Amino acid sequence: MPKSKRNRPVTLSKTKKKPGLERKGKVVADIKDAVEHYASAYVFTYDNMRNQKLKDLREQLKSSSRIFLAGKKVMQIALGRSPADEAKTGLHKLSKFLQGDSGLFFTNLPRDDVERLFREFKEHDFARTGSIATETVELKEGPLEQFTHEMEPFLRKQGLPVRLNKGAVELVADHVVCEEGKPISPEAAQTLRLLGMQMATFRLYLVCRWSSDDFEVYKEGLAHLRADEADDSS
């Protein structure tokens, strides 16, 4: 009689761990390691995240600091959620501020240097679909000299009322690309890029700071974090 498949032994050493669990485990281990090697830790929030810009900042600060952007629960587990399981005394206080768009910044830099770094950090970029327009952009009827005739079909696809007039692109009526305070459409995002208009600013805000003998909250950063959460829930 053939052996039943149900009774086959399973060698646990051959079972593979799920990649997601391995990644989370590594993040927890890396954060715990950072706790031991850096003098202070901050929770920060941000506007208009740009991955390449953040990568550049990481590279710039790698000799003194480390930045973590990961799942909030994973970061909370690494820090500890209460005095009973925190990695170091008082560290669990950071966990409750890991909400919405937030991350961890470990560093050996003096507090004043960190505060100045975050205050002055601004990287301008083109707005993406769904971003809120910071100003109204209106194109007036007439020639669009910045565009070549090959661009005319593409501009029409973006909703611009254009035509070719003696080989030049011409706007046949006034056209509002975007309105201040309103979300930017996919077509508007493309048009703003063509016009070279950067409406997005990647910014960082400190929310709170921990060290072995101190803990403080930054009111501006906390207000910004709460405002982002309110927007996400609406």
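Tutor: A salt bridge is a side-chain nitrogen of Lys or Arg within 4 Å of a carboxyl oxygen of Asp or Glu. This is a predicted model, in which local features need pLDDT of at least 70 and side-chain atom pairs count only at pLDDT 80 or more, while totals for chains, interfaces and linings use all residues. Residues are numbered from 1 along each chain as its sequence is written, and side-chain values use heavy atoms, with hydrogens and water left out.

Student: How many salt bridges does that rule give?

Tutor: The count comes to 15 salt bridges.

Student: Which residue forms a salt bridge with D125?

Tutor: The partner of D125 is R50, and their closest N and O atoms are 2.8 Å apart. D125 lies in strand β4 and R50 in the loop between β1 (40–47) and α2 (51–61), so the pair ties together parts that are 75 residues apart in sequence. Helices (H or I, at least four residues) and strands (E, at least two) are DSSP runs, numbered from the N terminus.

Student: Are D125 and R50 buried or exposed?

Tutor: Both D125 and R50 are buried. Buried means under 20% relative accessible area, exposed means over 50%, and partly exposed lies in between (1.4 Å probe, protein chains only).

Student: And what does D30 pair with?

Tutor: D30 forms a salt bridge with R66, with 3.4 Å between the closest N and O atoms. Because D30 belongs to helix α1 (residues 19–37) and R66 to strand β2 (residues 65–68), this pair ties together parts that are 36 residues apart in sequence. D30 counts as buried at 18% relative accessibility, whereas R66 is partly exposed at 32%.

Student: What about K182?

Tutor: K182 forms a salt bridge with E179, the closest N and O atoms being 3.6 Å apart. K182 is partly exposed, with a relative accessible area of 43%, and E179 is partly exposed at 39%. Elsewhere, salt bridges that share partners join R111, R209, D214 and E216 into one network.

Student: Changing topic: how many aromatic pairs are there?

Tutor: The search of the whole structure finds six aromatic pairs. Rings of Phe, Tyr and Trp (its six-membered ring) pair if their centres lie within 6.5 Å; planes under 30 degrees apart count as stacked, over 60 as edge-to-face and the rest as tilted.

Student: Why is the pair F121 and F202 edge-to-face?

Tutor: The ring centres of F121 and F202 are 5.3 Å apart and the planes stand at 90°, so the pair is edge-to-face. F121 is in the loop between α5 (111–120) and β4 (122–125), while F202 is in strand β10 (residues 200–211), 81 residues apart. F121 is buried at a relative accessible area of 10%, and F202 is buried at 1%.

Student: Which residues form an aromatic cluster?

Tutor: Y42, F44, F105 and F118 form one aromatic cluster.

Student: How many residues has the largest nonpolar core?

Tutor: The largest nonpolar core has 23 residues, and those with the most contacts inside it are I31, V43, F68, L79, L94, L104 and F106. Such a core is a set of buried Ala, Val, Leu, Ile, Met, Phe, Trp, Tyr and Cys residues joined through side-chain atoms within 4.5 Å. At least two residues of this core come from each of α1, β1, α3 (72–79), β3 (102–107), β10 and α8 (219–233). Apart from it lies another core, of 19 residues, among them F147, L160, V177 and I184.
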